[in-house]
Amino acid sequence: MLKHILSDDFPRSRILTVLLIVIVLGLVFAPFIFPGTRSLNTAARICIFIVLIASYDLLLGYTGIVSFAHTMFFGIGAYGVALTLNAMGPSWAAIPLGALAGVVCAGLLALVIGLFSLRVKAIFFAMVTLAVASAFAVLVSQLSDFTGGEDGLSYKIPREFTPAFKLFDDKIFGVRISGKIVMYYSIVIVSILLFLTMLRMVNSPFGRVLQAIRENAFRAEAIGYRTVRYQTATNVLAAIFAALAGAMMALWLRYTGPDTTLSMEIMVDILLMVVIGGMGTMYGAIVGATIFILAQNYLQNALAVAGEVTEGIPILSELLHPDRWLLWLGLLFILSVYFFPTGVVGRLREHAVRRKETAT
Amino acid sequence: MSDQAQLKAAETVMPERAIIEAPSFQDQLIKLTPWLLVPIIAFVGFLAISSGPTWATLTIAGLAMGLMIFIMASGLTLVFGLMDVINFGHGAFVSLGAFIGVTILLMLAGWTSSPSFFINMLALFLAISVAMGGTAIFGWAFERYIVMPVYGAHLKQILVTMGGLIIVQQLIHVFWGPDEIFIARPESLKGSIELFGASIERYRLVAVGIGVALFALMRWVLNGTKIGLLVRAGVENGEMVEALGYNIRRLFVLVFMAGSALAGLGGVMWGLYQEVITAHMGNEIMILVFIVVIIGGLGSIEGCFIGALLVGLLANYGAYLAPKFALVSNIGLMVAILMWRPQGLFPVVKAK
Amino acid sequence: MLEPAVLSTRDLTVRFGGHVAVNAVTADFHRGTLTAIVGPNGAGKTTYFNVISGQISAYSGSAILNGEDISSLSIAERTHRGLGRAFQLTNLFPNLSVLENVRLVVQSHMHSGFDLFSRADGHQELIDKAEHYLARVNLLDAFEQPVSSLPHGDQRKLEVALLLALGSDVLMFDEPTAGMSVDEVPVVLDLIQEIKADKSRTILLVEHKMDVIHALADRIIVLHNGTLVAEGDPQEVMQQDVVQQAYLGNDPDADVREAS
Amino acid sequence: DEIKIAHVYGKTGPFEAYAKQSHVGLMMGLEYATGGTMELDGKKIVVIEKDTQLKPDIGKAMLEEAYGDDEVDIAVGPVSSGVALAMLPVAEEFEKVLIVEPAVADSITGKAFNKYIFRTSRNSSQDAISNAVALGKEGVSIVTLAQDYAFGRDGVAAFKEALKGTGAKLAYEEYAPRDTKDFTAHAQRMFDALAKEEGRKIIFVIWAGGGNPLGKLKAMNPESKGVELATGGNILAAMKAYKALPGMEGATYYYYDIPKNPVNDWLVKEHFKRYNSPPDFFTAGGMASAMAVIEAIKQAGSTETDALISAMEGMEFDSPKGKMKFRKEDHQAMQSMYHFKIKVQDDVEWGIPELVRELKMDEMSIPVRN
Amino acid sequence: MSEALLTLQDVHTDIEQYHILHGVSMEVPRGGVTMLLGRNGAGKTTTLRTIMGLWKARQGAVTLEGQDISKFNTPDISQLGIAYVPENTGLFTDLSVEENMILAARSGKMNEDRLDWIFSLFPAMKTFWSLPAGNLSGGQKQMLAISRAIIEPRKLLIVDEPTKGLAPAIIQALTAAFEELKKSDTTILLVEQNFAMAKRLGDTVAVMDDGKIVHTGLMADLASDNALQERLMGLSMEAHQ
Ligand SMILES: Nc1ncnc2c1ncn2[C@@H]1O[C@H](COP(=O)(O)OP(=O)(O)OP(=O)(O)O)[C@@H](O)[C@H]1O
Ligand SMILES: Nc1ncnc2c1ncn2[C@@H]1O[C@H](COP(=O)(O)OP(=O)(O)OP(=O)(O)O)[C@@H](O)[C@H]1O
Ligand SMILES: [Mg+2]
Ligand SMILES: [Mg+2]
């Protein structure tokens, strides 16, 4: 049963299994274990980013395609929901309609980009997507009547998803089940489903072809796989999952704007999360997203402490100033590529393999 | 089976040599077309704009803008073409160069405000030298600690150089503070000269001079000396270059330093053009630089040069004729060129 | 000819810029035969293979497989039409396991690459088939190893296994024994013999080693500077002066020439 | 017992410089308003800082956190309009007051307004209208240059409307992409448009962020075509570019040397003392928001939201710019703007905006748009 | 036989975590041709790479003319006068044939006479002189790799499987070239699968198996002893033919 759900792709490392269980349980029970808006926000972001990172890993880790347009698809999904909610008001119908519209647009655009530019060299594709994504961002800011431009869109969501709504009259384990928590659980459930779907896809015959293409595209073609078709298909699939993640983000934030969905910074964050977690392993998405988002949310606090300690030392205190947290993030970037070239998941698996070897 | 075999040899004339024909006129024309694009676009622009002085103003401004972009892009394409390293941190070096150069210029305020062209240029020259030196040294460290472990792995390069980008930007904040810094151009480079009704900014003329000189120099180094060969060879198979007795590490460092120094030069030029510098300025221009590099064909100096001129001209004509068009002109140009030549104007020959 | 040719090329020409690498080559390949393609280095043998299997496109002329002109088909489509090919330099999926390499080929043969929602490991029939081919090349023991850790000889054998798994009608080998030590060569030769014995296949073989050609070839084609200069029975063709000169060199010292 | 104020603003990111000023201003404002005690009615005032990183989603989360977890009584911020717009619904959800400072988009107290929102900073209309009043005279032809997105187009629309009564003519509107680097073509179009006009010719620039179009326009010798340049005020660092434009006219929100009142005198003196530099644009704004907070709590007598709101609607309070007043309809603080003319002085790094005329709050009719 | 130019003494080499060479000891006498034989995976290539400093020996000494070079960097080893042709030819596929050759001439200029000699060995070289090396056929690549190693005179020439993929005529030419080089006082260390060529060229021979040298001696002795061949290499060369 578990084997079927996880598509026979187990963590294959005891430490990793424990880590994953802790993360998943932590997310599932977040409203009860870590009450408070900030932690709930963090938990929801983690869930959504797990889907986003996993979808990017389909491209990067499994197919070896470097794309900088992933935030664009994320954004299309978000804008789909945002625009319908904006136009139709906080109705239930607007959500699936918007998500669907986003998915279709994202898929079509990914198809066009894929057909046009997946034939060229990988680094080329990276740059082309970079340019396309930046053009898209310009477009969104231009069509301000429609998209709210730079300012983005704020909109209302169905009442059952807002803090004002109470699901039960009584508290459960000391926590009032507000609409916000209802929405949180909706996101958790959808994220789990999407994640498991992707896990299945990478372990399907299709997923194996992707790995073959990443390893040796030339030979994959020669044994009868039309590599461009598979790459384009992955590009489309990844875009669709990203759009769904975007739709969830739009719901959760009740705001959609270029900065939350389209910016280059998010793209960089995505890359980093994939790398920290480990490319080519779906579980890497869980680990990477969790570590990174926690760091992003709490690094400044940590630096504040370090900054106080070094108060007075000229350059060092300046470097450890909480406002310099990006500096340390950059460093984290580089160090994680060096020391975790295969990501946390890869590292733990290697460790497990080595232990097994020494044991036998 | 063998009785069915027939000998065919008798009727076949033995080809003495491999058949090799001279490249046809058509082939040669195809080779030349990228070079022709610049005059073609300028001519089309002339027809569309119809006012001579306006056209001249726009054309010269566009060429100068293109050359400034070329200066910034040249380092990127050099490092990519020779070392196959895609440096997403290039923009940070542009910013760094600008900050160093501007600091020097501010220190030499007496020189820059002097009306003497000669003293102004001396100040500029000093600022550029120090900026190039500074970015070169920084490039050394960048290569040593950031890029070296990831030669040959594009994805990792993208990641670590982006990390490097963030770090350099933040370090600029640490050392220069978060404010944007304003800088006035040296006195004799302010304003324009009027020529047959066209007004031409003085500063842009300097940019044209530096850009063209740089292009000539780079072509000579890359095509006329062994350095270019060695580096290209070293990227593909560093072990073999070492087995031939060359110290490849030293060479790589030098090339990377050169690329960084070019970014520094570009930074000073760009900073003086913008007259305001920020830690993000380099990265903001990077999209345009990437487009130029793609149009030209990754790693080709000639392509980068032509691509930059095309971008500069088209942006100006476009913005004049239909301002909305300026938003998409670069991307449009890139798409058009890639449809025509999927590897860019001058694909750098990569066998395999 | 009793039976029409399985594969034939008609005036097939390949140019690289001004250089004509394959010059109007017309040849037929029949079911159940092994045709050796010989010629000096740079004669265009690999290029001839490449244009038949679609790695490069023809300048003019056509390649015909089972009566159908395949010149404009993609590589993958040609593979599915029954054209299989091994490469001069080993060319596998280095970080995947030996079994996975073959399984992928079987899966391609079964056209199940676009199956997104079933588990790949659930398709036991594919795995069984893959193991069958591995057994044929004596590599079953190594099925779990990543290909990159295999010795050179085993990698060449795996190439052959992939080709078998493709289930192609036409098999093209490009110097399958190059770089193999003397004790490994016979293993590969025996494999090719075996394939040949099953009379339904058509085999094309590029090879420089004379003893191999003598042992295997039914027919021989000689390319020189891209042009087909001779074809026919191996013994007879090899005796011709043109071939002697172009290929073997006219050094009377046969010692080296005859060596494997 | 404490009074908790959250300062939610973009401490890190491209607007770091603005953020610093804003925070310094806020803290000095609290200090001034409490007579240096940082206490009000025996309650200690605690300021909690939150970094939006200039990202709307994070800004939103930070505000939720401030209201929800830290239980602040009132929040101030942020720097960027986009972030502000995302934050507005949070105030409504938590039913707590948010004082917007220094984000300027009209829609904050316009379309996206809710009753928990107050704004001490000027809005785009105030900017545009004050400039129109400063520049608009009979026989003047004006061409606008603005960024081609909502901020720029709104600004021009407001400017155009305000120009109507003044007798000046808006000859042409030019929009350039936000990240325009080369202004040659746009300048040519504007010169072409002005060539047809008579009288005084002005190019009025509405430009936020980098790009420095003024310097580039200036480099094209506009004076040779009889064209003047004009734009609004800015932070000191940016006004270094004005040094090349002596005599340029426009209207500004704040320059430390202009307002004459005790609050500003104290601010300028203390700021020089502590930071060895004059207070800047956003320092003044930060201080104004702090003074509004204290005044509101004083008048309301508590930190209850409803009490605060009813106290603040129509409330007048002191600021470095003199009296400000929260208009009842849209909670926008009405305030003076300053018509200036640039003077260049060798020992001052920037072009000095010399006061031509103070535009009092009732001289400008700022539209209510919510 | 004169004294040894190159000696390996109890060399152990690791590749990553694998222990590949288990104490290799052999000598390459000055002025002769030494053949290094052995089946696939025996460690021949690893031995050559260890000599070149491309893998570092964990233990043991590599001595060239009395100097221990086992800790030297590759460029320094090369500059002592060694030319090396690796197993995969080590060409720079992006560069043209000419450029490949120029790089091999450390002085920066190719000697005309030497070049003519190379053209006489491999007449085909002329025809593909300006092509990118990546576009060459398998055999042409091999020719270029060898030409590159002999464009300037060197003390020691190390070649890994030179005949792989070469047509018989070229093998002949190559054999002749090695013979000529030998006359001009170049010492040669060859790894080869082509036993006939080994027999004709080799003065001394070393046979490897499993990372160790299992036999050293004169080539002539090995060539005439079928039983020994069978034992060392799994097959008798003559019997196979
Ligand atoms: N990069 C590597 N990583 C791990 N093992 C390696 C590596 N390179 C070689 N080996 C192993 O080292 C052993 C010796 O390899 P080597 O290439 O030296 O053999 P060889 O005698 O040259 O064989 P061949 O005739 O096939 O070229 C082999 O078992 C091989 O699998
Ligand atoms: N992409 C290319 N561009 C230009 N010339 C090429 C290209 N590919 C191959 N050639 C040339 O075509 C000719 C035929 O090469 P091919 O690889 O077919 O030879 P081959 O017969 O397989 O030789 P070998 O026995 O050495 O492998 C060679 O002269 C080669 O230099
Ligand atoms: Mg070949
Ligand atoms: Mg070997």
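User: How much area do chain C and chain A bury between them?

Analyst: Happy to start there, and please keep in mind that this is a predicted model, in which local features need pLDDT of at least 70, side-chain atom pairs count only at pLDDT 80 or more, and totals for chains, interfaces and linings use all residues. Residues are numbered from 1 along each chain as its sequence is written, chains are lettered from A and ligands numbered from 1 in the order in which they are written, and side-chain values use heavy atoms, with hydrogens and water left out. Buried area is the accessible area (1.4 Å probe) that two parts lose on being put together, summed over both. With 60% of it on carbon and sulfur atoms, the buried area between chain C and chain A is about 2900 Å².

User: What is the distance between the closest N and O atoms in the salt bridge of C:Asp121 with A:Arg208?

Analyst: This pair joins chain C to chain A. In C:Asp121 and A:Arg208, the closest N and O atoms are apart by 2.9 Å.

User: Why is the site of ligand 1 shared between chains?

Analyst: A residue is near a molecule if one of its heavy atoms lies within 4 Å of it. By that rule 15 residues surround ligand 1, and E:Lys44 and E:Glu87 are among the closest. The site is shared because the residues around ligand 1 come from chains C and E.

User: Which residue has a side-chain N or O atom 2.5 Å from an oxygen atom of ligand 1?

Analyst: Backbone N or O atoms lie 2.8 Å from a ligand 1 oxygen at E:Gly41 and 2.9 Å from one at E:Gly43. The side-chain atom at 2.5 Å belongs to E:Thr45.

Terms used. A salt bridge is a side-chain nitrogen of Lys or Arg within 4 Å of a carboxyl oxygen of Asp or Glu. A polar contact is a pair of N or O atoms within 3.5 Å; within protein, one must be able to donate a hydrogen and the other to accept it, and residues adjacent in sequence count only if both atoms are side-chain atoms.
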